[in-house]
Amino acid sequence: MTADFRADFRTDRVGSALRGENPTVVRRLDAGFAVMGDVQFLPGYAILLTDVPGVERLSDLPRPRRLAYLADLDRLGEAVERACRAVDPAFRRVNLEILGNKDPFLHAHVWPRFDWEPEHLVRMPVWLYPQDHWRDARYALGPEQDAVRAAIGAELDALR
């Protein structure tokens, strides 16, 4: 992905996914889109996007849609867990988070955690990683993640 192309889809992540123009999409799920995170300092980091434009928080969805979204989050979490365990024997767990502090659309984070993480960070929230991990091009989503991305997609298919 080039930086310019990424900037284009980032301005409307949900709309670009609905139009088939979001290059981070791994699979369309029942109530959202499984996408790869923009940064991959923890390989396999994925996000569940809502498929309803304008929805900012989980409580904006009617209860049946809310439950479908949470079921998709469960499925994506398990897929990331299975894929990361198969790709990296140092996999330890996944963390699931719905924060809503920055981006104005419903999304949930699925963070794989590994034994090789620095001791002072491995048991802490990923948000405490240094700023360079969030901005440095070496941690950006790219072809290096093709194997884990494919594994996540295959696990999502198997969990259908």
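This is a predicted model: local features need pLDDT of at least 70, side-chain atom pairs count only at pLDDT 80 or more; totals for chains, interfaces and linings use all residues.
# Reading a helix crossing and some loop residues

Guide: Let's start with a pair of helices: α3 passes α5 in a right-handed crossing. Residues are numbered from 1 along each chain as its sequence is written, and side-chain values use heavy atoms, leaving out hydrogens and water.

Visitor: At what angle do the axes of α3 and α5 cross?

Guide: Axes are lines fitted to C-alpha atoms, for helices over the stretch in contact, with angles from 0 to 180 degrees between N-to-C directions. Here helix α3 (residues 63-87) and helix α5 (residues 146-158) have axes that come within 8 Å and cross at roughly 130°. That makes α3 oblique to α5; under 35 degrees counts as roughly parallel, over 145 as roughly antiparallel, 65 to 115 as roughly perpendicular and the rest as oblique. The helix and strand names come from DSSP runs numbered from the N terminus (helices H or I, at least four residues; strands E, at least two).

Visitor: Which residues make the contact between α3 and α5?

Guide: Contact means heavy atoms within 4.5 Å. On α3, the contact uses R75, L76, A79, V80, R82, A83, C84 and V87, and on α5 it uses V148, A151, I152, E155, L156 and D157. Sorted by type, the residues of this contact are 10 nonpolar, no polar and four charged. For that sorting, Ala, Val, Leu, Ile, Met, Phe, Trp, Tyr, Cys and Pro are nonpolar, Asp, Glu, Lys and Arg are charged, and the others, Gly among them, are polar.

Visitor: On to the loops. Is D38 buried or exposed?

Guide: The rule goes by relative accessible area: buried is under 20%, exposed is over 50%, and partly exposed is in between (1.4 Å probe, protein chains only). D38 has 15% relative accessibility, so D38 counts as buried. You'll find D38 in the loop between β2 (32-36) and β3 (46-50).

Visitor: Which side chains does the side chain of D38 meet in polar contacts?

Guide: A polar contact is a pair of N or O atoms within 3.5 Å; within protein, one must be able to donate a hydrogen and the other to accept it, and residues adjacent in sequence count only if both atoms are side-chain atoms. The D38 side chain has one with the side chain of R13 at 2.5 Å, and another of 3.2 Å with that of R10.

Visitor: R13 again! What lies 3.3 Å from the backbone oxygen of R13?

Guide: A polar atom of the N22 side chain. N22 sits in the loop between α2 (13-18) and β1 (25-28), and is buried at 6% relative accessible area. Leaving aside neighbours within four places in sequence, N22 is in contact with F9, R13, S16, A17 and L49.

Visitor: Where are F105 and L106?

Guide: F105 is in the loop between β4 (91-97) and β5 (107-114), and L106 has its place in the loop between β4 and β5 too. F105 is buried at 15% relative accessibility, and L106 is buried at 1%. Not counting residues up to four places away in sequence, F105 touches R13, V14, L49, V55 and E56. With the neighbours left out in that way, L106 touches residues including L48, L49, T50, L58 and Y69.

Definitions and conventions:
A crossing is left-handed if the near helix is turned anticlockwise from the far one by less than a right angle, and right-handed if clockwise.
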